[in-house]
Amino acid sequence: MDYVDRVRAEWAEQRPDLDTSTSAVGARLRRAAGLLEGALERSAARHDVSRAEFDVLAALRRAGRPLRAGEVTTMTGAPGASITKRLDRLERAGLVERTVAERDRRGVLVALTPDGVALVDEVFPQQLDRERAALADLDDAERAELARLLGVVLRRLDPVDY
């Protein structure tokens, strides 16, 4: 019996009229995501960076080039005002730098500094290791099927075409 089985049993006792069968999936997704996110948050915090700030750094690292703040907003899904605050904090920490775009003097580009690259290159592989460990009891075919099924669910919840 895991945490979700126990919670469902408690609900069955208190509210037998409720069908908690979807919680067998939904609650496990939330619990697993929360545990993985908590671990990433702690890893980022060891570098004095919040989880949200790490998202900005990771977006810049994945892009492999300087980005406009609006692009960072799109990539992270965070509001523009939040991105501005995060960029301010990251710039003060020496993890990103802002420069004026050469062709359009009104545009500001954001790039990782070498320290920003090093931080992402240390923290992100650790998160991949945690995810790999979480899935260690599944074989390749099971991981692929789980990924496919979660993709179906995610497309229902997040209909944005990336």
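## Strand pairing and the sheet

In this predicted model, strand β2 (residues 96-100) pairs with β3 in the antiparallel sense over five bridges, where two strands count as paired if DSSP finds at least two bridges between them. Helices (H or I, at least four residues) and strands (E, at least two) are DSSP runs, numbered from the N terminus. Within the structure, Val100 stands opposite Val108 in β3. Strand β3 (residues 108-112) also pairs in the antiparallel sense with strand β1 (residues 67-68), over two bridges, and here Arg68 stands opposite Leu109.

Together the three strands form an open, antiparallel sheet in the order β1-β3-β2. Because β1 and β2 stand at the edges with a single partner strand each, one side of each is left without a neighbour in the sheet.

## The largest pocket

The largest pocket has a volume of about 1600 Å³. A pocket is an open set of points on a 1 Å grid over the protein atoms alone, where a 1.4 Å probe fits, with protein on both sides within 12 Å along at least five of seven lines, and lining residues have an atom within 4 Å of a point. Of the 37 lining residues, Ala33, Leu36, Glu37, Glu131 and Leu154 are the closest to the centre of this pocket.

The elements that give two or more residues to this lining are α2 (23-45), α3 (51-63), α4 (69-76), α6 (114-134) and α7 (140-157), and the largest share, nine residues, comes from α7. By class, the lining holds 23 nonpolar, four polar and ten charged residues, with Ala, Val, Leu, Ile, Met, Phe, Trp, Tyr, Cys and Pro counted as nonpolar, Asp, Glu, Lys and Arg as charged, and the others, Gly among them, as polar.

## A nonpolar surface patch

Val25, Leu29, Leu135, Leu146, Leu150, Val153, Leu154 and Leu157 form a nonpolar patch on the surface, with about 650 Å² of accessible area together. Patch residues have over 30% relative accessible area and no salt bridge, and nonpolar side chains (Val, Leu, Ile, Met, Phe, Trp, Tyr) are joined within 5 Å; accessible areas come from the Shrake-Rupley method with a 1.4 Å probe, and a salt bridge is a side-chain nitrogen of Lys or Arg within 4 Å of a carboxyl oxygen of Asp or Glu.

Helices α2 and α7 each supply at least two residues of the patch; α7 gives the most, with five residues, while Leu29 has its place in helix α2.

## Basis of the values

Residues are numbered from 1 along each chain as its sequence is written, and side-chain values use heavy atoms, with hydrogens and water left out. As this is a predicted model, local features need pLDDT of at least 70 and side-chain atom pairs count only at pLDDT 80 or more, whereas totals for chains, interfaces and linings use all residues.

Notes:
Grid points are joined across faces, edges and corners, and a volume is the space filled by probe spheres set on the points. Patches are made of residues with over 30% relative accessible area and no salt bridge: like charges are joined within 9 Å, nonpolar side chains (Val, Leu, Ile, Met, Phe, Trp, Tyr) within 5 Å.
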